[in-house]
Amino acid sequence: MGRAAEMLGVTQAFLRTLDTARLIVPQRSPGGHRRYSRYQLRLAQRARDLVDEGTALEAACRIIILEDQLAEAQRLNARLRQDRVSRQPPQDPS
C-alpha cells in the first residue's frame, strides 16, 4: 500500500478511503497487505484528480463508477452493432 500511495502521490489513508467506499477493493497478500492492480491504480489516480479539482470524494467515486459503466455499455453496444452488421446478407448492387 505504501508503494501505491507513493506512486500516486496520495496518503495511505486516501487509498483506505477508496477501499471503504468500495471504489477499489485490492487483493490481499498472505500477510494481509493490500495489492493493487494497474486498473485499480488508474481508478485511484482518477479519484485523486477529481478530488484535487474540488469534487467531494463520494461524488468522485460515483462519477468514476458511472464513467466505467458508460464505457462498458458503449463497448457492448459497438459489439452488438458489429454482430448485427456481420449477420446481414450482402446487398444486391443492381
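Q: What covers the buried residues of H3?
A: The cover of these residues includes helix H1 (2-8), H2, E2 and helix H4 (57-87), where helices (H or I, at least four residues) and strands (E, at least two) are DSSP runs numbered from the N terminus. This is a predicted model, in which local features need pLDDT of at least 70 and side-chain atom pairs count only at pLDDT 80 or more, while totals for chains, interfaces and linings use all residues. Residues are numbered from 1 along each chain as its sequence is written, and side-chain values use heavy atoms, with hydrogens and water left out.

Q: Where in the protein is confidence lowest, and where is it highest?
A: The guide is pLDDT, the predictor's confidence in each residue, from 0 to 100. The mean is lowest in strand E2 (residues 34-35), at 90, and highest in H3, at 96; the protein averages 92, and 97% of the residues score at least 70.

Q: Which residues of H3 are buried?
A: An α-helix has 3.6 residues a turn, so residues three or four places apart point the same way. In H3, the residues Gln40, Leu41, Leu43, Ala44, Ala47 and Leu50 are buried (under 20% relative accessible area; exposed is over 50%, partly exposed in between, with a 1.4 Å probe and protein chains only).

Q: What does the side chain of Gln40 lie 2.9 Å from?
A: A polar atom of this side chain lies 2.9 Å from the backbone oxygen of Val25, and a polar atom of the side chain also lies 2.9 Å from the backbone nitrogen of Ser37. Gln40, in helix H3 (residues 38-52), has a relative accessible area of 12% and is therefore buried. Leaving aside neighbours within four places in sequence, Gln40 is in contact (heavy atoms within 4.5 Å) with Ile24, Val25, Pro26 and Arg35.

Q: Is Asp19 buried or exposed?
A: Asp19, which is placed in helix H2 (residues 12-20), is buried, with a relative accessible area of 12%. Beyond neighbours within four places in sequence, Asp19 is in contact with Ile24, Val25, Pro26, Arg28 and Arg34.

Q: How do the axes of H2 and H3 cross?
A: Two packed helices are described by the angle between their axes and the distance between the axes. Here the axes (lines fitted to C-alpha atoms, for helices over the stretch in contact, with angles from 0 to 180 degrees between N-to-C directions) come within 11 Å and cross at roughly 105°. That makes H2 roughly perpendicular to H3 (65 to 115 degrees; under 35 is roughly parallel, over 145 roughly antiparallel and the rest oblique). Phe14, Leu15 and Leu18 of H2 make the contact with Ala44, Ala47, Arg48 and Val51 of H3.

Conventions:
Polar contact = N/O pair within 3.5 Å; in protein donor to acceptor, adjacent residues only side chain to side chain.
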